[in-house]
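Here is a short briefing on one model.

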Amino acid sequence: MSVNWSLPFDERVRTVSRSTTMTPREYEAMHERSLENWPEFWEGVASELPWHRRWDKVLDDSAPPFYRWFVGGELNACSICVDRHAAGHRASKPAIIWEGEAVADRGPTVRTMTYADVHREVNRAAWVLKHRYGVAKGDTVGFYMPMVPEFPIFMLAAVRLGAKFTVVFSGFSSDSLSERLNDAGAKVLVTADGGRRRDSVVRLKDIVDGALQASSSVKSVLVLKNVGNSVNMETGRDEYIHDALARAPADATVEPVSVRSDDPLFILHTSGTTGRPKGQVHDVGGYLVLLHATMRWVFDLNDDDVYWCTADIGWVTGHSYIVFGPLMEGATVLMYEGALDHPSPDRWASILERHKVSVLYTSPTAIRSFMKNGDAWAKAHDTSSVRVMHSVGEPINPEAFRWMRRNVGEGQVPFGSTWWMTETGGIMISVLPGLGLVPIKPGTNGFPIPGVEAAVVDEQGLPQKPFTRGLLVLKRPWPGMPLTIHNDPSRYKEVYWSRFPGSFFAGDYAVRDGEGYFWILGRADEVIKVSGHRLGTYELESALVQHPSVAEAAVVGVPDEVKGEAPVGFVILRVGANADAGLASELKALVREKVGPIATPREVFFVGKLPKTRSAKIMRRVIRAVAVGQSVGDVSTLEEEASVDEIRRAYADFRGEVSGAQDVAGRKRTDGRPL
């Protein structure tokens, strides 16, 4: 098996795609050839995109780790995603199929927009942003939106003007929203009156109003009438989108603004263990090149595919694999607003059948929620249209892998578990149906994509032996990598590049097996992954200690059969505070308010001490080990070993493992139910 990398991208993919299979050794040989001159390899991929101006230099590595890709090149992301398709044979092809939750007794609401429709609406939105709000090259537009077509349309309108954008997931609180808007310096915020979720309305505009009390940068707010709830509209600041668009010419045309390849495209904040959220800054050119490659290699995209990624655009998966990735390839993208199991557990399967979805990208969390309802709901629908599946967000357990593959498609479709993160911009490790399929092992992530070198190393940065757990690193720059952390370049260097000089530290544990397959095991730091979304312990703990009764707090993640992990808090109270069920409920509500519903702790325990090192650092590793019943390992650096026993007792009390113990609500626990 060989791939001629000197061929144009489309030609070399066609020579090995779809019906091709290869052994792991053949894939690794092909992968090694892509690394022989990896800048030249990525230059070949980049050459397939329509640049306004070709680059002068493929990679500027003069100031590591601040790498710049395709330096001197100019392009526009909106032009690549919209204009070239609307001007060609895809003009009448569906670009976006949107389905919303059923309202009352009506069936699902469906809207379809062709590439010509999207082109028209993006131009009108760009006209509004430019002529009414003065958005121009270099500005930042913020988004706090439900999953509706106007979301990607206004994102594309912003980048059409040469502006960058920052998206905040619509499940975050006012405090989280204002912090991210301020850090990014958003000038205009695009939001909605509300969103729908399980027959309930999430009042997004109310949350925005709270956030803007602490936001100094946002001067204007555009509000979509989505669900029709009444909202406050501040004169001189707020305007409904339909009113603004009514002032735009029906045939409004705004020329795409050329930007440099290494100009910022967006800022997306990730949570960490310490400090404020990190604003990852992604460029235009390198990011689009990576997405172009992975849409072809990972998803094996055909022109007649209906592609559905079940993520939310508020997370990086939605940025990359709902908006920019599939649209730049001219795909038909399915968008869904609502819960995948509402109003009945087969909603997700009915969507596959109704829209003849052929390429599916979902999460282990979603799959586990399908599983708990049994096979019958899946088998009630014809899902034979699905020919490629992948999962994202966290490691997939083999049982969930087998269940999904057995119940979707015809039982034998390629099904991969992709690994990547906000920082990487796009998929780094995966099986690749579009380049040739290696044997699929349930639960594995596969191999690094061509042009990317990954490794599993020990604490000293030396390669680990097969089947030995180590730390995952990326050993050379790649297109799509961050430019920096916004307003904090020293933090970018410290967090990702200082531990193993010359390599990017991903923060995950991993193992390679005897055939070279990567198996990602989860986070090596103190980030909790709830339903595949990363939440920093710092944000949750900061919310807890804002309560006047709390002196100190530690949050860890514990296993959850649906969400993957769930937050659990251990709290030291101030003198005079009462540890009772009411206070525990208050603390859960406080985290929900300050961070968002997704961050709500499953339980809050009250303790007198927390395990710390002699330098006063909380040992969350120890807390989590106790909570899940594992060995705490070496505790020689603990300040006071007795605190470990205290946490163990708090957890045991909840489970009813101590005779006569009671949980914080005073209810006897005898069933031994785990956290």
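Ser176 sits in helix α7, residues 174–184. Helices (H or I, at least four residues) are DSSP runs, numbered from the N terminus. This is a predicted model: local features need pLDDT of at least 70, side-chain atom pairs count only at pLDDT 80 or more, and totals for chains, interfaces and linings use all residues. Residues are numbered from 1 along each chain as its sequence is written, and side-chain values use heavy atoms, with hydrogens and water left out.

**Ser176**
- Ser176 is buried, as its relative accessible area is 2%; buried means under 20% (1.4 Å probe, protein chains only).
- Leaving out residues up to four places away in sequence, Ser176 touches Glu539, Lys594 and Val595. Contact means heavy atoms within 4.5 Å.

**Helices α6 and α11**
- Helix α6 spans residues 150–160 and helix α11 spans residues 316–328. They pack at an angle of about 70°, and their axes are 11 Å apart.
- That angle makes α6 roughly perpendicular to α11; the class covers 65 to 115 degrees.
- Axes are lines fitted to C-alpha atoms, for helices over the stretch in contact, and angles run from 0 to 180 degrees between N-to-C directions.
- The crossing of α6 past α11 is right-handed: the near helix is turned clockwise from the far one by less than a right angle.
- From α6, the contact uses Pro152, Met155, Leu156 and Val159. From α11 come Val323, Phe324 and Leu327.
- This contact of α6 with α11 has seven nonpolar, no polar and no charged residues. Ala, Val, Leu, Ile, Met, Phe, Trp, Tyr, Cys and Pro count as nonpolar, Asp, Glu, Lys and Arg as charged, and the others, Gly among them, as polar.

**Helices α4 and α11**
- Helix α4 covers residues 77–86. Its axis and that of α11 come within 8 Å and cross at roughly 50°.
- The two helices, α4 and α11, are therefore oblique to each other.
- α4 and α11 make a left-handed crossing, with the near helix turned anticlockwise.
- Ala77, Ile80, Cys81, Arg84 and His85 of α4 meet Phe324, Leu327 and Met328 of α11.
- By class, that contact of α4 with α11 has six nonpolar, one polar and one charged residues.

**Confidence**
- Mean pLDDT for the chain is 88, with 88% of residues at 70 or more. pLDDT is the predictor's confidence in each residue, from 0 to 100.
- Residues 5–18 stay under 50.
- Residues 654–675 are also below 50 in pLDDT.
- Where pLDDT is low, predicted coordinates should not be read in detail.

Definitions and conventions. Angles under 35 degrees count as roughly parallel, over 145 as roughly antiparallel, 65 to 115 as roughly perpendicular and the rest as oblique. Buried means under 20% relative accessible area, exposed over 50%, partly exposed in between (1.4 Å probe, protein chains only).
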